[in-house]
Structures are given as structure tokens and as C-alpha cells.
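Please have a look at the model shown here before reading on. The report after it walks through the fold, piece by piece.

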Amino acid sequence: MSGTGLETVFTEDELASSTDLVDCRQENSNTQSGSTTASLGHTTVDFHFEEDYSEGETILDGNVTVSGKERHLQLKSKGLKLTSCKSEKKDKQEVLFLVWRDIIQVEKESKDSEQQEQTTFLLHHINRRSNSVLRLETVKIEDFGGHGEKWINIIYDQCHKVRGRPHKLFVLINPIGGAGKGRQIYLKSVAPLLALAEIQTTVLTTEKSKHALEIGETHDFSLYDGIVIVGGDGLYQELLQGYTIQIQKRSGVNYHSSEAEFAKPNIPIGIIPAGTGNGVSGWVNGTIDIETAVLNIIRGENRRAEIFTVHSREKFVCISALVFGYGMFSDMIKRTDELRWMKKARYPYAAAVTLFKKKRVFKCELTYRLRKDLTSTDPCNNSTENKLDPDKQEQNHNSDWITYTKSNNRYCGIFSFACDAVDLEDRCVINPFGSHVQLGIDTGCGQIALLKSLIKFSTGKKAPSTTPQNLDFISNVTAFRIKLLRDDTETDDSVSGARAKARELENLLDIDGEVVYVENPEMEVRLHVSFVPLYGCIRMNRTEVANGK
Ligand SMILES: Nc1ncnc2c1ncn2[C@@H]1O[C@H](COP(=O)(O)OP(=O)(O)OP(=O)(O)O)[C@@H](O)[C@H]1O
């Protein structure tokens, strides 16, 4: 299945009603796809393009007209430059410089009459708005310097040969994620842009729970330049877990060993935020705006993000790409899972219910390892590290296991996000490409204080210098172990109803907002740095992050 790949997945009616598929180019030049607010992280990420904005050598130059005004157009080795003519007053002179990566397509405008001699073409390019939002814009350019179709041929060649830009994508849609609009989102806001960029697609929709896991484990992705998922964090986690297992099996890695060096995926993944939380998409795009996510996939730039693996007694349980939670976090996710019929409203509802519930206390041994070669949490540490061989980064960097002793083994919750919060002077920046994480430990913190802390973390607000009572954060963590301490003589039959329910909950984890059952609550969670290539990942630029631009 190739080409648009839509015929087998969408009904004729759906395709026919999607007018933008028929006439996508005009429609998209004005499209402003809906920007929603992320519940996790969308305002926190300050990614900056480390694109080389030097212009390079001139390939072709000449005069053109744009909206009736004379302009000078130069095609350079690094991009395209459009400037006002020298005759215009200095203060009215405009300059537009676009690197080739930011040009999506060029197409010749069909002539109205045979008499029309000048070549006219449409340049579809990315316009950068503030706060990471990208928009497609179209400029109509008319040649009058005599270069004719030479303009079109060179622009076409340059923008289509940009390194990393995908030509063939595998797309997986979750029709029930978020507000249940995955298919419509794909048809209206994703497919037209991919078609405009001449990207071939193979499109599948999930048909049942955990289908993405199965597809990830069995599908041959080698034919594709990238994988796109249209859904939320749960869909991404399942696809990535299946794909990770497939890679380990092919590479002969014993992935049941918690010490194993996992083979890393080489095909980048792009996430179209069509779920509820859309945390990872927000992290890597700096927004959960749909059009931005699509344009970042087309741009092709990608960077490896970190993930956790979770093992229990030397048996692989799962991977986690967003958050690992145990105790009150898994209790809350179980509650939200049971309320799936409420769609997006289930999260605030479950959070509100949690506020009024008495916290469950569990007893466990908690140990962790720290990254020992860090001297600071400066984000620039990452840029240096990323120049190193990523496999070497993980070797010999960990401390021995350290036991957490502050709580007398009594806990309400233990959690960690697969990212680092870089503490700048006025705020935090979430960095999913780092080499260590924070471990959160709740030993009886007030519910409201805990929620406020989590919201602060996820929205990049500067954390107060003092954390709430009974809430602790350990920085620079690379692995942790939780060993539940249970009374060996206790059985489900010998305990009260309430305790039997608590025992059931003790076997549940919150993995990226989904409930995962673990047979033996004795887990090892390990961070794998620089693991999965994600589209939309833009390097943090030292000066700009430091200046908070
Ligand atoms: N066709 C399907 N039928 C039933 N369940 C499905 C189907 N496809 C995927 N699922 C389930 O949907 C869940 C993933 O949903 P997804 O992450 O896309 O949206 P969400 O949960 O609303 O968003 P988020 O995870 O960002 O909060 C997984 O539990 C997965 O097994």
C-alpha cells in the first residue's frame, strides 16, 4: 500500500467529505489548525533551531514580482532570499530568508491563457510564530528576469534533498484517543500537508486495545523514513514498546535483563497530538499544535530522546517514554482508565476525586543511582554530551545504588518523568534529550500541594526554593528500584476487604498515563539516554535558553 495510503482505511464518504484532500494546496496555504492547550509541558519547552542561517553561495538570482511589487530573488546554497529592490526607501526594504528545510514545496501556477508568458510559481514555506508555533504560508512569485522555470527546478531540487526529510512514512491512527477525532484530524490537518510535501504514506488505524503494541512488534518498518502516530502518549508508548522489542529480537539483545544495552531505533517517530495529555508531543514540538507537529515531521529534523525500561525480577515489563508512577499515581490512572467514556474530562475529574481521597500508604525499599559526572544542570551539558558516542555516555557514569532513608520505608507515591527540568533563573525548561531525571517521592504530602508542584513542573514555572512538606525531589537520577515490603503471611483471604483492594493496587503502575500490571512489585526502572529519534526535536541553543528568549 503506497501513494496516499488512505483508500484502505477511510470510507469513500470520508474521503469525499474531506475537500481539503482534493484541493489541499490552496486550503492549506491559509489553514490555521486548531491550537489547544496541553495538559503537560507545552509551555515549558524552549527549543531553538540551530539551523545554519548563513546564506552560502549564490546559485541563481534575478528580478521577480511578489503581490505586484518588484523584488530581487536569490537562490543560495543554504536557502532562498527575497529582498526589496534597491530603489525602495531603506526603511521600507524587506528581507525574507528561508533555509531549504523550511520550504515545503514549489509549484508552477497553471496559466490562464497561452498568451501569459511569464512563469509564475507558488512557494509554500514555513512561517515561524512566537512560542514554537509553525504555520504554512504561500507566496506567489512571478518571474520577469528571464529565468523562467529554472527557478522552480532549482527550488524543487534543493528543498527535496534536505537531509532527514522523509519521503515515505508509516502512519498509525488511534480512532478512539482523546476526543475520538484521530481519523478526522488526519484527513483534515495531516494528509493534505503530507501530500503537498509529496510524502508517500501507508496508513493504518488501530482496531483494538494494544493493537499498536502488536503492530510495533511485527510490522516491517524498514521501508519507511519515519513513523507517524496520530494519538496520545498511550499510543506512542505502545508503538515504541513493540518496535523496541522487535529491534532487540532482531539484534539478539536479551531485553529481559535489566543490565542489557538496548539496541536503539533508527527510524524517527513523529507524534500528531490527537490524545488527551499529549505530553511527549508537547515536549518535542514546544506546543501541542497539530499543524506544527506535521510541519516538524516534514522538516525532517530529529533528535534522540530518553526513555525508561521497567524490569521486574529480571523480566521485561515495559518501556516508559513520558512518566513512571507508583502508589497514588497508579491509583489515579486506574480511576481515569475506568472513566474512559468521559473522554478528555476524565483527567480533571479523577484528579478532583483524588484530592478528596485518603492517600494509600505502602511500604517499600527505595534505592537509586545518580549520574556522577555532572557538575551542573546546565542544559549545555547536553550539547557537549551529544557530540560523544551515545553508547559511551552510559558507561561508567553511574554511582552505586543509594538507599533512600528519609521515610522509614513508608510512601504514598514515587514518580519520575522521562525528562529533566533545567532550572533557569526565572523558570524551568523541560529537556527530554538529557542524561538524567528527577525522582519524585511523596511520603504524605498534601494533595493540593502535590498537584500544584506537578503543574508547576509540567508548565515550566519556576519551582519554589522550598518543596512542600513530605515531598522530595532527587536530581540527576539514572535508575531506581522499588521493592514492595509485604507481610509474607498475608494473603487475599486473610485480610480485610480494604486491605485486599490495596493489595490489588500494589501491583499496578502508571506508565505514560496507562495502567500496567506487574506480577511482582519489585521493579527496576532504568533510564536510556539518547534513545529514540523524535521529529520536532530542536536543539537547545545555549545563549538563547540562557537568555530565556
Ligand atoms: N481501536 C482501539 N480500540 C480500543 N482501544 C484502543 C484502540 N486503539 C488504541 N486503543 C487504546 O487507547 C489507548 C491509547 O490512547 P491514546 O494515548 O492515543 O489517547 P489518550 O489516552 O486519550 O491520550 P493520552 O495518552 O495522551 O492521555 C491505549 O490504551 C490503547 O490500547
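This is a predicted model: local features need pLDDT of at least 70, side-chain atom pairs count only at pLDDT 80 or more; totals for chains, interfaces and linings use all residues.

Residues are numbered from 1 along each chain as its sequence is written.

**Overall make-up**

Let us start with the whole protein chain. Its secondary structure comes to 16 helices and 25 strands; helices (H or I, at least four residues) and strands (E, at least two) are DSSP runs, numbered from the N terminus. The chain has 549 residues, of which 44% are buried. Here a residue is buried if 20 or more other C-beta atoms lie within 10 Å of its own, exposed if 12 or fewer, and partly exposed in between, with C-beta atoms placed from the backbone. Among contacts with a separation of 6 or more, 75% join residues 24 or more positions apart. Two residues are in contact if their C-beta atoms, placed from the backbone, lie within 7 Å.

**Domains**

The domain assignment gives domain 1 (1-31 + 165-300), domain 2 (43-160) and domain 3 (305-531 + 538-549); such bounds come from an automatic or database domain assignment. The contact between domain 1 and domain 2 takes 18 residues from domain 1 and 17 residues from domain 2. On the domain 1 side, the elements that give two or more residues are helix 3 (24-30), helix 5, helix 8 (279-285) and helix 9 (290-299). Helix 9 provides the largest share of that side, six residues. By class, the domain 1 side has six nonpolar, nine polar and three charged residues. In this scheme Ala, Val, Leu, Ile, Met, Phe, Trp, Tyr, Cys and Pro count as nonpolar, Asp, Glu, Lys and Arg as charged, and the others, Gly among them, as polar.

How many residues of helix 9 are buried? Ten of the ten are, so helix 9 is largely enclosed by the rest of the structure. Its buried residues include Glu 291 and Arg 299.

Helix 5 is mostly covered too, with 14 of its 15 residues buried. Its 15 residues (182-196) should span 21 Å at 1.5 Å a residue, and the end C-alpha atoms are 20 Å apart, which agrees. The expected span is 1.5 Å times one less than the number of residues. Helix 5 also has a kink of about 40° at Val 190, shortly before the proline Pro 192; the bend is the angle between axes fitted to the seven residues ending there and the seven starting there.

**The ligand shell**

There are 23 residues around the ligand, and Gly 177, Gly 231, Gly 232, Gly 234 and Gly 275 come nearest. A residue is near a molecule if its C-beta atom, placed from the backbone, lies within 6 Å of it. The shell divides into three nonpolar, 14 polar and six charged residues. Helix 7 (residues 233-251) gives the most to this shell, with four residues.

**Positive phi angles**

| Residue | Phi |
|---|---|
| Glu 198 | about 60° |
| Gly 300 | near 85° |
| Asp 512 | about 55° |
| Ser 530 | near 50° |

Asp 512 is in the loop between strand 23 (508-511) and strand 24 (514-517), and counts as buried with 29 C-beta neighbours inside 10 Å. Ser 530 belongs to strand 25 (residues 522-535); Ser 530 is buried, with 23 other C-beta atoms within 10 Å.
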